[in-house]
Amino acid sequence: VLRVALPRNLLNGFCRIEPLMDVGTRLKEQKNFPSDDDFIPALDLVVRHCSKIKWISIVDKDITFPDLDLNGDEVLDKNEVKKLVMKYFDYEPEDFVIDDLIASIDANNDG
């Protein structure tokens, strides 16, 4: 999986995007700025911004809800979603990606 330093670089002033630079300044003041080796997998960034498209690509495979509900409790939980991503996209996503996938289809905001 490709890794990118883009978020850290943008926070540090790359492309001179003022709102991101302001966040970077605050993180530095709080001593919480990402370290040199703190990167985000590029695939996770793509998934994060394309969550609904990812869901569509999963359900377009003629998959029913019971196929997705691995434990049969009629609720998709974080663990089930992670397993589905691993199965259909052949990589293990970061937790924030799973959270974004869930949020993209969670109509009643109950997680």
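How many salt bridges does a search of the whole structure find? The search finds 3. A salt bridge here is a side-chain nitrogen of Lys or Arg within 4 Å of a carboxyl oxygen of Asp or Glu.

This is a predicted model, where local features need pLDDT of at least 70, side-chain atom pairs count only at pLDDT 80 or more, and totals for chains, interfaces and linings use all residues. Residues are numbered from 1 along each chain as its sequence is written, and side-chain values use heavy atoms, with hydrogens and water left out.

**Whole chain**

Start with the protein chain. It holds 7 helices and 2 strands. These are DSSP runs, numbered from the N terminus: helices are H or I with at least four residues, strands E with at least two. From the N terminus the order is β-α-α-β-α-α-α-α-α. Of the 111 residues, 31% count as buried. Buried means under 20% relative accessible area, exposed over 50%, and partly exposed in between (1.4 Å probe, protein chains only).

**Helix α2**

Select residues 18-29. This is helix α2, with 12 residues. Now pick Met21, Gly24 and Leu27, the buried residues of α2. They sit on the same side of α2, because they cover an arc of only 120 degrees around the axis. The arc is that of the directions from the helix axis to the C-beta atoms. An α-helix has 3.6 residues a turn, so residues three or four places apart point the same way. Turn to the face away from the buried side: the exposed residues Pro19 and Glu29 are there. Next select Lys31, which follows α2 and has a positive phi, near 55 degrees.

**Asp36**

Move to Asp36, in the loop between α2 and β2 (40-41). Asp36 is exposed, at 57% relative accessible area.

**The salt bridges**

Select Asp99 and Lys78. Their side chains meet in a salt bridge (3.1 Å, N to O). Asp99 lies in helix α7 (residues 95-105) and Lys78 in helix α6 (residues 78-89), 21 residues apart.

Next, select Lys82 and Glu92, whose side chains meet in a salt bridge (3.5 Å, N to O). Lys82 lies in helix α6 and Glu92 in the loop between α6 and α7, so the pair ties together parts 10 residues apart in sequence. Lys82 is buried, at 19%, whereas Glu92 is exposed, at 54%.

Finish with Asp95. Asp95 also forms a salt bridge with Lys82, the closest N and O atoms being 3.6 Å apart. Shared partners join Lys82, Glu92 and Asp95 into one network.

How values were computed. The expected span of a helix is 1.5 Å times one less than its number of residues.
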